[in-house]
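Let's take a walk through this protein together. Have a look at the model first, then read on.

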Amino acid sequence: MSYEIKKAAIIGAGVMGATIAAQMTNAGIECVMLDIVPPFDPSEADLKKGLTKDSKAWRNSFAANGLKGAVKSRPASFYSKKNASMISIGNLEDNLDMLKDVDFLLEVVVENLKIKQGLFAKVEKAVSPDCIIATNTSGIPIKEISSKMSAKNKERFLGVHFFNPPRYMRLVEVIPGETTKKEIVDYMTYFLENVVGKGVVICKDVPNFIANRIGVYDISNAVKTMLDKELTIPELDAVIAKVLGRPGSAICGTIDLVGIDTGYHVMKNLVEALPNDEMIKTFTPPEFMDKMMENKWLGNKTKGGFYKKTKDEKGKRVKLVLDYNKMEYVPFKKPKYESVKAASKTEGGFDEKLKVLFYSEKDVAGEVTREYLCKNFIYSANRIPEICDTVYQVDNTMKWGYNHKKGPFETWDAVGVKESVEVMKKMKLKIPKTITEMLKKGCESFYMKKEDGKYYYDFEKKGYVKMEDNPKIILLPDAKAQNKVIKSNVAASLVDIGDGVACFEFHTKMNAIDEDMITMLEDSCDIVSKDFAGMVVANHGTNFCVGANIFQVLMAVQNGEWDLLDKQIHDLQYANMKMKYLDKPVVTAPAGMALGGGCEISMHGQRCQPCGETYMGLVEVGVGVIPAGGGCKELMVRCTEGIPDGVVEEGLNMQPIYQKILMNIGQAKVATSAMEAMELGYIRKTENISLNRDHQIWDAKELVLSMAKAHKKRKPDMIPVMGESLMGIAHAVLFNMKHGNYMSDYDEHVTMKLAWVLSGGQCMEGTFVTEDAILDREREAFLSLAGEQMTQDRVMYMLTRGKPLRN
């Protein structure tokens, strides 16, 4: 492609602008961030610092504060705070020259047409003739924003709408203008998917595009259903919740999270922008929301919206909920519905549970489900081809932008299109003509699978069209459906993913490690060694692996089966070692949580291809033990392997290295990104990161294939240790921490056991020891601590406190 974005400009340093800039740096893109010069209204502290209206610090303060806010944001916007150095700040009066060499400019200012037009009139002259220009508008038509631009700039102008928070929300809407060059749209789609790691949906240039049109209707429809059925807020949220594939925050909790004012303004904007929409009355905010706006009950940011958390006279936390009829807060009571309970207990997957609730006649929850979903289905069908051309664009938008488990058309398939249309007729709802035509042609689902791939129903062509395959998306369920399973047991599978590469996949609950998984890993290594070019260790789970099955460990301890427990730990250690030293390349691909044993498996790959959103750590001290699957040993390897030959023998001071290892494990530090995992030593800094989770297995497979071309079996690592010196240092450090009330007596005891493992034995500082020696010490320390600490009462106590239990 003729375009390449190496440097970007973000205009507007509010929360959204600053966090988009942060995500750009996560993708390795250098940024310029400009904002307006603030009115001169200094505080006394500012005056004492000598700030004047002409000082650079004052004139850049909006941009500086935006960057500072992004650095401090929780959840974190940056993969690493160090990335903030990739953002240069300035203002729109003094620093337009900073835009001359940017490849991409994105406007992220207030949703006001005149302000946006005025801004582009200023900045479009400052950028190069090849710079791609975009707006982050959430709903103002692109043709209106660009109406005063030159014809040449209109060709390079489009909408690029990120969702908040940009790091974590997958969706980006791309909205071409009437004259936007196709090559610009194609490149931005490529860039956003492959570099920034997002899911892109191409939208038509209509008010509020796809996400806010369908998404806000979804919410407005839910609120109207609540009013029509005279439900309380908790009753609505008990039905339109996880059982319908909605986030855990349900409807009203989600509005509180986003902000009542945000949802309210989008509703009002849609009413004004779409006077002929058939559902305009549904979009109109109800009277009680008007009053919430007046009272500034705006949700979590004002500590009160639909829900409110407070404390009673005894200081106990109390959850309140709004009674919208009386406009006062009342105690929260969790409602119970037989139909919801029956659906939740139904065997099978999401589709089976949803069907039970949709067709239930047990109570009002079934009625609410039918009313809400049927109207959603009809509205979504009526929007094609107005807002986009295909059903999958709508579905992807709702999954990626609103965290729905399935989009409206996928959900419609789940309850049965033909059967649900009969329900709609009984409800006297108007069936879209396109749906009637579809059923007449004998097409009873929006999606179907054939031998050559997945198809979707196209309303214009009135038939099924094959969905375009993306070679970078490897789906293990699809491979299994094609009989590509090489070997499998209840815990894991080895799957052929093509080109001589196999994928080792976990599929226990939460991907926890058990005996069957360890056995399968050992067997997979043998199979790959004989018959394959290499192996990827990956899965599609929310979490890569949360550690060992703690209850198996507990049962062994309770039954005094110490030899069995020793064997299980030994088997995990040497299954990991087998993977590390396999004569074929092995690449681990962690994503989500990789904790305890999950972190240890990740670290024993010959290479690692982490997803950007990888939360990795050795957390065993949380249950009073230490890592024993090779985690201590492997962190020692990583933190010492860069030391040049001969330096250790010459008396290198290794205290800073081992103090870092001791603190990482002893404080159960968990990285909040793959980049932070590199800083902590869990992942080598030389590894590449997959920002797009969908592409991660493909990235790992490509790495395996490149390694296979010149793969050599590595020599066993020898680890330089500190011996008895480390024990003395640990005593001193822990003495200060204990007397500063930073740890308990037992914390000190566990950490000294850890120091004993890391010391490598009674030897001189600078002695090299084998990996086996450290693995033996890991096992011995784990078993010793398990006997002292892993009682059933303690485990149950930690469960009730909600602490994570890991290996």
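## Cysteines on their own

Start with Cys763: its sulfur sits 16 Å from the closest cysteine sulfur, in Cys632, so that's too far for a bond. A disulfide, after all, needs two cysteine sulfur atoms within 2.5 Å. The structure as a whole holds zero disulfides.

What about accessibility? Cys763 is partly exposed at 22%, while Cys639 is buried, with a relative accessible area of 18%. (Buried means under 20% relative accessible area, exposed over 50%, and partly exposed in between, using a 1.4 Å probe and protein chains only.)

## Where this comes from

This is a predicted model, where local features need pLDDT of at least 70, side-chain atom pairs count only at pLDDT 80 or more, and totals for chains, interfaces and linings use all residues. Residues are numbered from 1 along each chain as its sequence is written, and side-chain values use heavy atoms, leaving out hydrogens and water.

## A look at Ile89

You'll find Ile89 in strand β3, residues 87-91 (strands are DSSP runs of E, at least two residues, numbered from the N terminus). At 26% relative accessibility, Ile89 is partly exposed.

Ile89 and Val32 are 57 residues apart in sequence, yet their C-alpha atoms are 5.9 Å apart in space. Leaving aside residues up to four places away in sequence, Ile89 touches Met33, Leu34, Asn60, Ala63, Ala64, Leu67 and Met98, where contact means heavy atoms within 4.5 Å.

Conventions
Helices (H or I, at least four residues) and strands (E, at least two) are DSSP runs, numbered from the N terminus.
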